[in-house]
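Visitor: I've got a model on the screen and a few minutes. Can you walk me through it?

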Amino acid sequence: VNFMKRVDCPTLRFEAVWVITNVAAGDSRHTQLCIDSGALPLLLDMLPSPSVDVAEQAVWAVGNIAGDSVQNRDMLLNMGVLPRVIETLSKNMGLLSLARNAVWAISNLCRGKPVADFNKTKVAIPIIAKLLMYSDAEVLADVCWALSYLPDARDDQIDRVLEMCNRTLFAPRVAELLVHPEPSVRTGALRLVGNIVAGSDEQTDLMVNYGVVRALTELLRDVKTSCRREAAW
């Protein structure tokens, strides 16, 4: 953790945060060790680093810590980590590895029960809505999951997601993703659609009008059991 403070040596900082990333990927005891050692404030400071390698590794570490528990997720959200991850992603949208890590971290910052505070997570909607048009399957899968976690089966929150995503672009794109060749994308899109159509009649009609039923019919014959189950739900 002390090596993470060495702003004069980006290579050392990168290697140090890589160690923290790997330790935080262990079980909850390992993640807690990183927290107790004072890594979180330093990771926060490293997210806007001019070194893309350092910033990306910090994003990865944040994703590991957020994914460990809802307590860690909420702690990071309360520290204001999400806007910094979004800023790092916005500056480096063309870098595939960073985009993958950042969207995965955002997804972990939105995931879990009880649901994260929507007032803290809704800031991520515009950037992940843009990434719905991305071509990379790994990014698309995590974008779908992140969007599915945001509204807590509440019509007003579903409406907010639809508005911020531009519903007339969002609905047909999600319908396309339901028949994506990658199973991971189809599964994420299915969960997203399922959470939206659990809302009001108007929200359900929006998805139906853009061809979701046709796609769901195909998915009921999908080779993957998980896709068939989600489509039936």
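Guide: We'll take helix packing, then a few single residues.

Guide: This is a predicted model, where local features need pLDDT of at least 70, side-chain atom pairs count only at pLDDT 80 or more, and totals for chains, interfaces and linings use all residues. Residues are numbered from 1 along each chain as its sequence is written, and side-chain values use heavy atoms, with hydrogens and water left out.

Visitor: At what angle do helix 4 and helix 7 pack?

Guide: About 30°, with the axes 8 Å apart. Helix 4 spans residues 52-66 and helix 7 spans residues 96-110. Helices are DSSP runs (H or I, at least four residues), numbered from the N terminus. Axes are lines fitted to C-alpha atoms over the stretch in contact, and angles run from 0 to 180 degrees between N-to-C directions.

Visitor: What does that make helix 4 and helix 7 to each other, parallel or antiparallel?

Guide: Roughly parallel, therefore. The cut-offs: under 35 degrees is roughly parallel, over 145 roughly antiparallel, 65 to 115 roughly perpendicular, and the rest oblique.

Visitor: Is the crossing of helix 4 and helix 7 left-handed or right-handed?

Guide: Left-handed. That term means the near helix is turned anticlockwise from the far one by less than a right angle.

Visitor: Which residues make the contact between helix 4 and helix 7?

Guide: From helix 4, they include Val-52, Val-59, Trp-60 and Gly-63. From helix 7, Leu-98, Asn-101, Trp-104 and Ala-105 are among them. Contact means heavy atoms within 4.5 Å. By class, the contact of helix 4 with helix 7 has 10 nonpolar, 5 polar and 1 charged residues. Here Ala, Val, Leu, Ile, Met, Phe, Trp, Tyr, Cys and Pro are nonpolar, Asp, Glu, Lys and Arg are charged, and the others, Gly among them, are polar.

Visitor: And helix 6 with helix 7, at what angle do they cross?

Guide: Roughly 160°, with the axes coming within 10 Å. That makes helix 6 roughly antiparallel to helix 7. This crossing is left-handed.

Visitor: Which residues of helix 6 meet helix 7?

Guide: Val-81, Leu-82, Val-85, Ile-86, Thr-88 and Leu-89. Their partners in helix 7 include Leu-98, Ala-102 and Ile-106. The contact of helix 6 with helix 7 has 11 nonpolar, 1 polar and no charged residues.

Visitor: Switching topic. Which residues of helix 16 are buried?

Guide: Cys-227, Glu-230 and Ala-231. They sit on the same side of helix 16, because they cover an arc of only 100° around the axis. Buried means under 20% relative accessible area, exposed over 50%, partly exposed in between (1.4 Å probe, protein chains only).

Visitor: What do those buried residues of helix 16 pack against?

Guide: Helix 13 and helix 15. On the other side of helix 16, Arg-229 and Ala-232 are exposed.

Visitor: Where is there a cis peptide bond?

Guide: Between Lys-113 and Pro-114, with omega about 0°. Pro-114 lies in the loop between helix 7 and helix 8.

Visitor: What is the phi of Asn-166?

Guide: Positive, about 65°, although Asn-166 is not a glycine. Asn-166 is in the loop between helix 11 and helix 12. At 36% relative accessibility, Asn-166 counts as partly exposed.

Visitor: What about Asn-195, buried or exposed?

Guide: Buried, at 19% relative accessibility. Asn-195 is in helix 13. Not counting residues up to four places away in sequence, Asn-195 touches Ser-148, Ile-158 and Trp-233.

Key:
Helices (H or I, at least four residues) and strands (E, at least two) are DSSP runs, numbered from the N terminus. The arc is that of the directions from the helix axis to the C-beta atoms.
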